[in-house]
Amino acid sequence: MRDGQVVKGVQFRNHRVMGDILELARRYRDEGADELVFYDITASPEGRTVDRGWISRVAALLDIPFCVAGGIRTVREAELVLNHGADKISVNTPALADPGLITELARRFGTQCVVVGVDSREADGHYRVYQNTGDPARTRESGRDTVEWVREAQARGAGEIVLNCMNQDGVRRGYDIAQLACVRAACQVPLIASGGAGAREHFAEVFEQAQVDGALAASVFHSAQLDIGSLKAYLGSRGIEVRT
Amino acid sequence: MPGPVAIIDGGGANIASLRFALGRLGRESVLTTDAALISTASHVILPGVGAARAAMDQLRAASLDTLIPRLTRPLLGICLGMQLLFDASAEDDTPCLGILTGTARRFVPEPGRPVPHMGWNQLHRRAGVPLLDGIDEGAYCYFVHSYALPVGDTTLASTRYGTDFAAVAGHGNFLAAQFHPERSGTVGARLLENFLTRY
């Protein structure tokens with residue numbers, strides 16, 4: 001999401017406009033998506049909060065849960081997003097800067113509301129967390145080990161972890177099964193795989209081999225390469241439980 | 001055209017999605033603690049976010065703890081609002097409204113079964129009632145909760161999360177759903193529609 005439109009990049013760069021928010025939200029709702037996540041990467045001028053009016057329009061349209069990520073740095077901003085009708089909020093870079101934010105959010109809104117997004121990639125044989133990934137010029141390694149950070153986030157009240165495997169993002173070669181399985185072993189709350197989905201087999205693999213609770217994808221749906229209804233039918237035929 | 005649905009204001013934040021869901025069914029709603037409005041509304045919804053004790057304190061502060069059990073119009077408790085209709089909740093050992101019999105208990109977390117119970121899960125019908133008309137056995141609904149009522153006499157549909165719990169309950173004009181109908185796709189919309197048109 002940027003300035004009212006859905007955009008998608010490749011490995012967090014070169015974002016292209018994919019369509020109108022409400023049109024895409026309606027399409028995914030009707031195709032049978034179980035949940036939608038909106039990453040609001042609208043640039044927020046220093047110290048100012050971005051316009052969240054679009055959240056109410058999405059909330060009025062959707063009859064499935066949705067999560068808003070991006071620019072939530074305080075309890076107040078989170079409250080605004082939830083009051084507009086979002087079901088969950090996801091924090092990423094601000095939680096790395098101030099892990100106490102996770103604790104505060106969980107205390108105020110309950111752990112079920114609080115998703116921690118983790119952008120991670122392998123470096124020298126270790127999985128490391130990256131921050132400011134919405135802006136390539138400012139993206140940098142956070143100094144944190146991914147598994148340690150996932151443990152800390154849960155201890156502080158994260159109700160769900162979205163692990164975005166950056167080296168796979170937007171390239172459609174499949175989820176990073178090894179990394180997801182490694183994090184799964186340390187993650188007791190729902191774990192959502194993100195980054196790399198390019199074919200229906202990739203979804204089956206990530207459920208079967210990394211035991212994730214959910215699979216998130218963007219490019220492959222935005223481009224209409226896969227539709228969610230037939231993807232779910234396929235997963236069901238492979239014995240994976242899906243909502244129909 | 002019936003008047004607005006009265007949504008009892010328990011001070012919780014996120015009721016926007018519930019109001020939107022009613023709007024999609026063509027119904028206005030009003031968020032209120034006003035006894036006259038609540039007593040005369042065609043339908044009343046008791047939503048619930050947050051903790052049982054705080055919610056009961058809010059109801060008592062507005063004298064709604066004595067009003068709600070006397071309501072004669074259809075009332076639907078949702079999520080924590082369902083639990084409040086029962087005798088008590090183990091959450092902070094809170095006495096509740098005592099309209100339905102039973103005590104909400106906390107789920108015990110197990111590996112692979114975290115608490116809160118959050119996400120889509122299936123309804124298993126235990127009774128044929130208008131509230132469940134058009135809702136298939138095994139239909140998926142969206143849940144977010146840490147406490148639940150055990151299956152009992154008033155259970156209309158159950159869901160399994162480790163053990164079976166009451167997902168839909170009701171007796172007389174008091175109805176309840178542990179899941180969030182406003183976020184449960186067409187299944188949830190059908191339950192809300194049944195509540196508004198068949199009761």
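This is a predicted model: local features need pLDDT of at least 70, side-chain atom pairs count only at pLDDT 80 or more; totals for chains, interfaces and linings use all residues.
**View 1. Strand β5(A) has a parallel partner in β4(A).** Strand β4, residues 66-69 of chain A, pairs with β5(A) over three bridges. Look for A:V68, which stands opposite A:I89. Follow the chain and you will find that β4(A), α3(A) and β5(A) make a right-handed β-α-β unit.

**View 2. Strand β6(A) also pairs with β5(A) in the parallel sense.** Strand β6 spans residues 114-123 of chain A, and three bridges join it to β5(A). Here A:I89 has A:V114 as its bridge partner.

**View 3. A:I89 and A:I161 belong to the largest nonpolar core.** This core has 135 residues, and those touching the most other members are A:I89, A:V116, A:I161, A:V206 and B:V168. Beyond its neighbours within four places in sequence, A:I161 is in contact with several residues, including A:V116, A:V118, A:V150 and A:L191.

**View 4. Chain A meets chain B.** Here 20 residues of chain A are in contact with 19 residues of chain B. On the chain A side, α2 (53-61) and α3 (75-83) each supply at least two residues. That side of chain A divides into seven nonpolar, eight polar and five charged residues. The predictor gives the complex an ipTM of 0.90.

Methods:
Residues are numbered from 1 along each chain as its sequence is written. Chains are lettered from A and ligands numbered from 1 in the order in which they are written. Two residues are in contact if their C-beta atoms, placed from the backbone, lie within 7 Å. Helices (H or I, at least four residues) and strands (E, at least two) are DSSP runs, numbered from the N terminus. Ala, Val, Leu, Ile, Met, Phe, Trp, Tyr, Cys and Pro count as nonpolar, Asp, Glu, Lys and Arg as charged, and the others, Gly among them, as polar. A nonpolar core is a set of buried Ala, Val, Leu, Ile, Met, Phe, Trp, Tyr and Cys residues joined through C-beta atoms within 7 Å. A residue is buried if 20 or more other C-beta atoms lie within 10 Å of its own, exposed if 12 or fewer, and partly exposed in between; C-beta atoms are placed from the backbone. Two strands pair if DSSP finds at least two bridges between them. A crossover is right-handed if, with the strands pointing away from the viewer, the path from the first strand over the helix to the second runs clockwise.
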